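Subject: Handover of a structure and its findings

Dear colleague,

Please find below the structure that I am handing over to you. My notes on what was found in it follow directly after.

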Amino acid sequence: MVESRDPHLEALVDKTSGLQPLRRLLLFGAGALVVAALLADVVSRQTLVGILAILFGLSLLADLMRLRWTHANRMFFRAFVSLASPREAGKIASSTWYVLGVLLVFAFFPQRVAMAATLILAVADPVGNLVGRSLGRRPFGTGTIEGTAALILASFLAALVFFPMGVAAVTAMSVGLAETREWRFDDNLTVPLAAATVLSLLSAAIL
């Protein structure tokens with residue numbers, strides 16, 4: 001529900017409900033593109049951090065403006081009807097949290113850890129959401145057993161691209177458990193940070 005009780009904004013927000021496959025595809029594509037660009041040596045880590053910092057600043061500014069002015073919020077939901085989420089009507093957009101999450105892991109964690117955490121974010125969250133919304137029947141934490149299981153499997157496969165099976169498995173379970181908890185911040189921030197933290201600790205202890 002839109003906190004402003006603006007009927008025009010509420011009508012626009014109502015159109016954003018559902019599975020939103022385009023939104024999930026965009027989130028996957030953004031993370032996969034970052035990882036692919038680094039692997040292909042198209043961009044350096046330092047340059048990427050700079051680009052992400054600029055994108056985060058611009059995205060946050062846009063969010064603050066639209067949350068301050070209802071007309072701007074209407075324009076946002078009218079322009080991004082296939083990408084916006086109802087919860088974003090009165091909150092910072094998930095895309096802003098997404099950029100911040102990727103920025104922080106590349107700024108403060110080793111590159112391989114950051115790439116794995118970004119790929120987990122890109123794959124696991126959309127998969128978990130789609131399965132949970134379409135097939136989820138049994139509640140578990142803030143989601144469902146089905147959605148959490150799908151998220152853990154996707155996280156495992158993503159982490160396996162960069163790390164051994166044991167490290168990938170523990171990381172995937174940790175991300176799955178973190179996703180079932182209620183956090184103050186958006187999961188597009190908590191997922192990559194949780195994944196990067198666990199990967200770093202396991203790397204230091206095992207590898």
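In α5, the residues Y98, V102, V105 and F106 meet Q111, A114, M115, A117, T118, L121 and A122 of α6, where contact means heavy atoms within 4.5 Å. Sorted by class, this contact of α5 with α6 holds 9 nonpolar, 2 polar and no charged residues. Here Ala, Val, Leu, Ile, Met, Phe, Trp, Tyr, Cys and Pro count as nonpolar, Asp, Glu, Lys and Arg as charged, and the others, Gly among them, as polar.

Please note that this is a predicted model, in which local features need pLDDT of at least 70 and side-chain atom pairs count only at pLDDT 80 or more, while totals for chains, interfaces and linings use all residues. Residues are numbered from 1 along each chain as its sequence is written, and side-chain values use heavy atoms, with hydrogens and water left out.

The geometry of this first pair is as follows. Helix α5 covers residues 94-108 and helix α6 covers residues 111-135; they pack at an angle of about 160°, with their axes 8 Å apart. Axes are lines fitted to C-alpha atoms, for helices over the stretch in contact, and angles run from 0 to 180 degrees between N-to-C directions. The two helices α5 and α6 are therefore roughly antiparallel to each other; the term applies to angles over 145 degrees, whereas those under 35 count as roughly parallel, 65 to 115 as roughly perpendicular and the rest as oblique. The crossing of α5 and α6 is right-handed, meaning that the near helix is turned clockwise from the far one by less than a right angle, with anticlockwise giving a left-handed crossing.

As to the chain overall, it contains 9 helices and 2 strands. Helices (H or I, at least four residues) and strands (E, at least two) are DSSP runs, numbered from the N terminus. In order from the N terminus, the elements run α-α-α-α-α-α-β-β-α-α-α. Of the 207 residues in the chain, 45% are buried, that is, under 20% relative accessible area, with exposed being over 50% and partly exposed in between (1.4 Å probe, protein chains only). Among contacts between residues at least 6 apart in sequence, 72% join residues at least 24 apart.

Helix α5 also packs against helix α9 (residues 187-206): their axes come within 7 Å and cross at roughly 20°. That makes α5 roughly parallel to α9. This crossing of α5 and α9 is right-handed. On the α5 side the contact involves S94, W97, Y98, L100, G101, L104 and V105, and on the α9 side N188, L189, P192, L193 and A196. By class, the residues of the contact of α5 with α9 comprise 9 nonpolar, 3 polar and no charged.

Helix α9 has a further partner in α8, with axes that come within 9 Å and cross at roughly 150°. Helices α8 and α9 are therefore roughly antiparallel to each other, and their crossing is right-handed. From α8, the residues V167, V170, T171, S174, V175, A178 and E179 meet D187, V191, A194, A195, V198, L199, L202 and I206 of α9. The contact of α8 with α9 divides into 11 nonpolar, 2 polar and 2 charged residues.

Helix α3 (residues 45-68) has 24 residues and reaches 34 Å from its first C-alpha to its last, close to the expected 34 Å; that expected span is 1.5 Å times one less than the number of residues. Its buried residues are L48, L52, F56, S59, D63 and R66. Their cover includes α2 (21-39), α4 (70-79) and α5.

One of these residues, D63, counts as buried because its relative accessibility is 2%. Neighbours within four places in sequence aside, D63 is in contact with I92, A93 and T96. The C-alpha atoms of D63 and N73 are separated by 8.5 Å, and the two residues are 10 apart along the chain.

D41 lies in the loop between α2 and α3 and has a positive phi of about 60° although it is not a glycine; at 63% relative accessibility, D41 counts as exposed. V161 lies in the loop between α7 (145-160) and α8 (165-179), and counts as exposed at 54% relative accessibility.

Yours sincerely
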